[in-house]
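Please open the structure in your viewer and keep the sequence beside it. The tour below goes from one selection to the next and says what is there at each stop.

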Amino acid sequence: MAGVYYLTLTSASGGLLDIFHNGMLKNSLFEKNQCLDVVGVAEGRMEAFRLAGQILAEVYGKTGGFDVRSSFGAEDFVED
């Protein structure tokens, strides 16, 4: 799946979103049992940036701030 990017809730303090190329998930930085909270999937780098901007604009529009993590509650995720 070349060109696929995942947008996840950030793991960094003070961050908003993380954007990962799907090839990075094979990297040793990601533990096998690490759970990433995926909030978006995009085809291509520029689409990933556009989607991140859209998510941030929606969060700001709803909350007046950029606390992305609290904007995505447990009810927003679908479990398999």
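Contact here means heavy atoms within 4.5 Å. With that in mind, and remembering that this is a predicted model, begin by selecting Thr10, which touches Gly15, Leu16, Leu17, Asp18 and Arg69 when residues up to four places away in sequence are not counted. Thr10 sits in the loop that runs between strand 1 (4-9) and strand 2 (17-21), and it is buried, because its relative accessible area of 9% falls under the 20% limit. If you show side chains, you will find that those of Thr10 and Asp18 are joined by a polar contact of 3.1 Å.

Next, select Leu16, one of the residues that Thr10 touches, which is also placed in the loop between strand 1 and strand 2. Leu16 counts as partly exposed, at 34% relative accessibility.

The largest nonpolar core has 13 residues, of which Leu7, Leu17, Val39 and Ile55 touch the most other members. Strand 1, strand 3 (38-43) and helix 1 (45-63) are the elements that give two or more residues to this core, and helix 1 supplies the largest share, 6 residues. Centre the view on Leu7, whose contacts, leaving aside neighbours within four places in sequence, include Leu17, Val39, Ala48, Leu51 and Ile55.

Now look for charged pairs. Side chains of opposite charge can pair when their charged atoms come close. How many salt bridges does a search of the whole structure find? The search finds 2.

For one of them, select Arg69 and Asp37, whose closest N and O atoms are 3.8 Å apart. Arg69 lies in helix 2 (residues 68-71) and Asp37 in the loop between strand 2 and strand 3, so this pair ties together parts that are 32 residues apart in sequence. Arg69 is partly exposed at 44% relative accessibility, and Asp37 is partly exposed with a relative accessible area of 28%.

For the other stop, select Arg50 and Glu47, which form a salt bridge with their closest N and O atoms 2.6 Å apart. These two residues are 3 apart in helix 1, which means that about one helical turn separates them. Arg50 counts as partly exposed at 44% relative accessibility, as does Glu47 at 30%.

Technical notes:
Residues numbered from 1 in each chain as written. Predicted model: local features only at pLDDT ≥ 70, side-chain atom pairs only at ≥ 80, totals over all residues. Heavy atoms only, no water. Helix = DSSP H or I, 4+ residues; strand = E, 2+ residues; numbered from the N terminus. Buried < 20%, exposed > 50% of the residue type's maximum accessible area, 1.4 Å probe, protein only. Polar contact = N/O pair within 3.5 Å; in protein donor to acceptor, adjacent residues only side chain to side chain. Core = buried A, V, L, I, M, F, W, Y, C linked by side-chain atoms within 4.5 Å. Salt bridge = Lys/Arg side-chain N within 4 Å of Asp/Glu carboxyl O.
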